[in-house]
Amino acid sequence: MGKRIIPATVRRICYERDEYTCQWDGCDLSRTKGDRVNLHHILPEQFGGKETPDNLITYCDIHHKNKHIEFHSFYPDSQGILYKMNALTKKVLSKIRKELGVDDGYDLRPYLYFLTKNNTFRTGQLKTIRAALAGKDVLFVSPTGSGKSVCYQMPGFLAFNPTLVVSPLKALMKDQVESIWSKKIPTTYVNSDINGEERKKRYEFIRKKLYKFIFVAPERFESRDPKTAFLYNKYSYLVIDEAHEIEMWGMAFRPSYRKLGTLRERLGNPPIIAMTATASKETQDKILESLNIQNAEVVVTGFYRSNIKILIHESGEDKHTTNKLDYVNNVIKLSQGQKILIFVPTIKSAEELLDSLRKSGTESELYHSKLDKKAKMKIQNKFNGSQKPELNVLISTSAFGMGINISNIRHVIHLSPALSITDYTQQIGRAGRDGLQSYAHLLYGPKDKGLLEFMAELPLNNPNFKDIHQYDDNDLERVRAMLKQQVNDMYEFIKQPEGKEWQYILDYFGEVPPSFWEQNGKIIIDIFIGLTIMLSLALIIKLLKG
Ligand SMILES: [Zn+2]
Ligand SMILES: [Zn+2]
């Protein structure tokens, strides 16, 4: 952001080119006095950006601040912007309530449309939101990408008091804040990335209750900064993102998550909305126990993928079993032109497989953590067909394949079992994102289990492991046992009779698959009502742009 002066002639050119509308979302700026309309520098000055029309773009005040989310210390009018946003949020709520005659307890789709531009709820969302609105504690367990955000955003949006969101990752925090802000809902985060002056302002506005959502890391409550006291407010909801980190013996465990039960008490026991993409039935119970929650609504959804058929094969060198390489070659031969993703446990095994495939005439590439950003991008683009030559067979290390997001992967092949049911479910979830019939092949051989157990324990060999997690020797042994148990669960899964594979996974997470009628009946009704709502909502969206 610059305290520079853009020449009036340049301003005029930009405004006219952009027709006095915010280029973010079409907000109407024709009534704002000409020289007060915001022009944003696409390339900032410190990187050589110039005051020329090709480097300037018209934004409304609020959307412009979204580009400079740390603007409080810079703009003297920042409090005014928050008042403006609060007024807008209230206006939208009352429009939806009054003009559409919508009752918060009944039809929530107009709010869904406002927050996400979708007009149908995904499985589990409505149940979670209704429970939260009824003041119940909720634990929502669903794989990444299944629309968790709206499950806390809607209750928070509708509530009178602010919502506190505890989130472990700074990058995640900033993304969420920007996404909510772009809907003109006042939101902020406090963490060590922001400078002292900015943080001071944010605390001041938190004290004045000017934000609807406040994001913090759990460690914030242990900070020595006396201003942290401003966080002890009255909240409508306490949201806990990545709630599996509460689980004491988990790998990603953050000690501060252990204290969230106490924090909740200190905040006067607001209802909790806890969310995670990965928690077995057992972990779910531990999360609830640690938060001191007795009667939570637990919603587990999205693990079951009816279009993925799981095929498990024992492999070995003798003639009664399948040879892994022969199997892979067969799948490749039988599925010409289809996308195949192969998971391997180590880079070494990946290189060996690549070598063998190339020898038998199959073009393939390796995807793993040691590649730089550019190389990864190139492989992704070749695999999704946007860059030539198109790649159909990709080999990835298990730890890394989660980054691959291509909708038409037909086959996911595991050359050895995954380290846990959770990992396995996430990895086969890469297949068939487009909803078409797809296959998950799992091969296991006599040597795999030893290797898996060795790999599962690798993180424990880090000399700092105990310090990072504040573990003592007993804790360490428990972690070791837990990791071993996860590998055992995987082998338990492998032994399931044919046709029972998904049942095992669903039981593991505690998911009840939706019935056919529920899925289809709901969609038909939703499309019908959705149309009427969308028409009325066009008016509200217009109001926001004005
Ligand atoms: Zn700017
Ligand atoms: Zn705008």
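Which elements are included in what covers the buried residues of H14? Select helix H14 (residues 421–428) to begin; the cover of its buried residues includes strand S10 (308–314), strand S11 (339–344), strand S14 (409–414), strand S15 (438–444), H17 and helix H18 (501–509). Helices here are DSSP runs of H or I with at least four residues, strands are DSSP runs of E with at least two, and both are numbered from the N terminus.

The model is predicted, so local features are given only where pLDDT is at least 70 and side-chain atom pairs count only at pLDDT 80 or more, whereas totals for chains, interfaces and linings use all residues. Residues are numbered from 1 along each chain as its sequence is written, and chains are lettered from A and ligands numbered from 1 in the order in which they are written.

**The enclosed helix**

Stay with H14 and colour Ile 421, Thr 422, Tyr 424, Thr 425, Gln 427 and Ile 428, which are its buried residues. A residue counts as buried if 20 or more other C-beta atoms lie within 10 Å of its own, as exposed if 12 or fewer do, and as partly exposed in between, with C-beta atoms placed from the backbone. Because 6 of the 8 residues of H14 are buried, this helix is largely enclosed by the rest of the structure.

**The sheet**

Next, select the open sheet of 6 strands, whose order is S10-S15-S14-S11-S13-S12 and whose pairing is parallel. At its edges lie S10 and strand S12 (364–367), each of which pairs on one side only, and the twist from one strand to the next averages 20°. Two strands pair if DSSP finds at least two bridges between them; S11 and S14, which run parallel, are joined by 5 bridges. To see one such bridge, pick Lys 339, whose partner in S14 is Ile 409.

**Two helix pairs**

Two packed helices are described by the angle between their axes and the distance between the axes. The axes are lines fitted to C-alpha atoms, for helices over the stretch in contact, and the angles run from 0 to 180 degrees between N-to-C directions.

Show helix H15 (residues 448–457) together with helix H17 (residues 473–494): their axes come within 9 Å and cross at roughly 145°, and the crossing is right-handed. A crossing is right-handed if the near helix is turned clockwise from the far one by less than a right angle, and left-handed if anticlockwise. On the H15 side the contact is made by Lys 449, Leu 452, Glu 453, Ala 456 and Glu 457, which meet Arg 480, Leu 483, Lys 484, Gln 486, Val 487 and Tyr 491 in H17; two residues are in contact if their C-beta atoms, placed from the backbone, lie within 7 Å. The residues of this contact divide into 5 nonpolar, 1 polar and 5 charged, where Ala, Val, Leu, Ile, Met, Phe, Trp, Tyr, Cys and Pro count as nonpolar, Asp, Glu, Lys and Arg as charged, and the others, Gly among them, as polar.

Then move to helix H5 (residues 125–133) and helix H6 (residues 149–158), whose axes come within 9 Å and cross at roughly 35°, again with a right-handed crossing. Here Gln 125, Thr 128, Ile 129, Ala 132 and Leu 133 in H5 meet Val 150, Cys 151, Met 154, Pro 155 and Leu 158 in H6, and the residues of the contact divide into 8 nonpolar, 2 polar and no charged.

**The nonpolar core**

Centre the view on Leu 139, which, not counting residues up to four places away in sequence, touches Ala 243, Ala 274, Gln 284, Ile 287, Leu 288, Ala 296 and Val 298. Leu 139 is listed with Val 239, Ile 273, Ala 274 and Ile 342 as having the most contacts inside the largest nonpolar core, which has 113 residues. Such a core is a set of buried Ala, Val, Leu, Ile, Met, Phe, Trp, Tyr and Cys residues joined through C-beta atoms within 7 Å.

**Backbone stops in the loops**

Select Lys 209, in the loop between helix H8 (196–207) and strand S6 (213–216); its phi is near 60°, a positive value in a residue other than glycine. Lys 209 is partly exposed, with 15 other C-beta atoms within 10 Å.

Glu 242, in the loop between strand S7 (237–240) and helix H9 (260–266), also has a positive phi, of about 55°, although it is not a glycine. With 20 C-beta neighbours inside 10 Å, Glu 242 counts as buried.

Finish at Pro 389, in the loop between helix H13 (373–383) and strand S13 (393–397), where a cis peptide bond with omega of about 0° joins Lys 388 and Pro 389.
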